[in-house]
Each structure stands twice: as structure tokens, then as C-alpha cells.
Amino acid sequence: MADCITVARYILEQTGPITTMKLQKLVFYSQALHLVRYHTILFPERIEAWVNGPVAPVLFEAHRGRYMVDSYTKGIDSHDGYLTPEERIVVDSVIRSLGPHTGEWLREKTHRESPWLDARGDCSDGDRCRAEISPRAILDYYSKVGEKALLNG
């Protein structure tokens, strides 16, 4: 099993420099697609319902204070993990389908979907929230709406 830093590094190797917001959302959607296809998590790290959409705090700590990141960002470049061929296929599907969109577009997409909305509960739009978006909530929602909706918005 991969970890979210390995997934992020792979995404950055494929895309080149991108915003941290876009990276977080591509990592989130990679987790979602892996759950839909294989009914198992791609990585074990927690994803939380932050103001700007789903965020993996471990990944946030690796790129804290940066707006743009690439595969040489300290904290991402030093990781020795790897993805299996099946995991790369999942992440490649997400990059191909959602990679052309901006981080802001991806944020708005997550804000319309129930995993983020439900995890935020009673928090208002600007409230800090550290509630987990559980793998079960991700699987339940995206299995219901299907891969096409997950990858197309």
C-alpha cells in the first residue's frame, strides 16, 4: 500500500509544478477512485474537511507555506515509497481527467459533493474544521454516483 506522500510525488512527477490546492484535490480523488475500483484504500493517511476542501494533513505538513510545489519540494522529494502498476493506473486516470482543471475548480467540485459536505456538518463556510472524511463515506458516495461523475464533475 502506498502513502499519500508517494501519491503526491507521483502526481507531481507526471504534472510538473502545480498549486498545493490542486495537489491536495488530485490526491483526494485518487483515493476516491481507488476505493471505487478496488474497495480498498490507496493510502492510510487521514483526509479532513478543511475550508478549501479535502486535505491530507500529512501532505499539508510536507508543503506547508508553499503555494506551488513540484516533485523536488522538501518533504515530498525525500520519500522512498512507490506505487504498484494498478495504483499508477488509478492515479493516471485522475490526472488525465481532472488534471487539466485548476485547484479552485477542483475545490468547488468537492464543495458540491457529500463526503466533504457531510464531514463539515454544522461548520459554516469559513470555519476551521478538522473532521475526517472517512474512507467509508468516500466509497459510499462515489460508488453511488459512479466513476464518470467522479472523474468529470
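## The largest pocket

By class, five nonpolar, four polar and one charged residues line the largest pocket of this predicted model, where Ala, Val, Leu, Ile, Met, Phe, Trp, Tyr, Cys and Pro count as nonpolar, Asp, Glu, Lys and Arg as charged, and the others, Gly among them, as polar. A pocket here is an open set of points on a 1 Å grid over the protein atoms alone, where a 1.4 Å probe fits, with protein on both sides within 12 Å along at least five of seven lines, and its lining residues have an atom within 4 Å of a point.

The lining consists of Thr20, Met21, Gln24, Lys25, Trp50, Val51, Asn52, Val55, Phe60 and His63. Two or more of these residues come from each of α2 (20-38) and α3 (57-63), and α2 gives the most, with four residues; helices are DSSP runs of H or I with at least four residues, and strands are runs of E with at least two, numbered from the N terminus.

## Helix α1

Among the buried residues are Cys4, Arg9 and Leu12, and what covers the buried residues of α1 includes α2, α3 and α4 (85-98), with contact meaning heavy atoms within 4.5 Å.

After α1 comes Gly16, whose phi is positive, near 80 degrees.

## Basis of the values

Residues are numbered from 1 along each chain as its sequence is written, and side-chain values use heavy atoms, leaving out hydrogens and water. Because the model is predicted, local features need pLDDT of at least 70 and side-chain atom pairs count only at pLDDT 80 or more, whereas totals for chains, interfaces and linings use all residues.

Terms used:
Buried means under 20% relative accessible area, exposed over 50%, partly exposed in between (1.4 Å probe, protein chains only).
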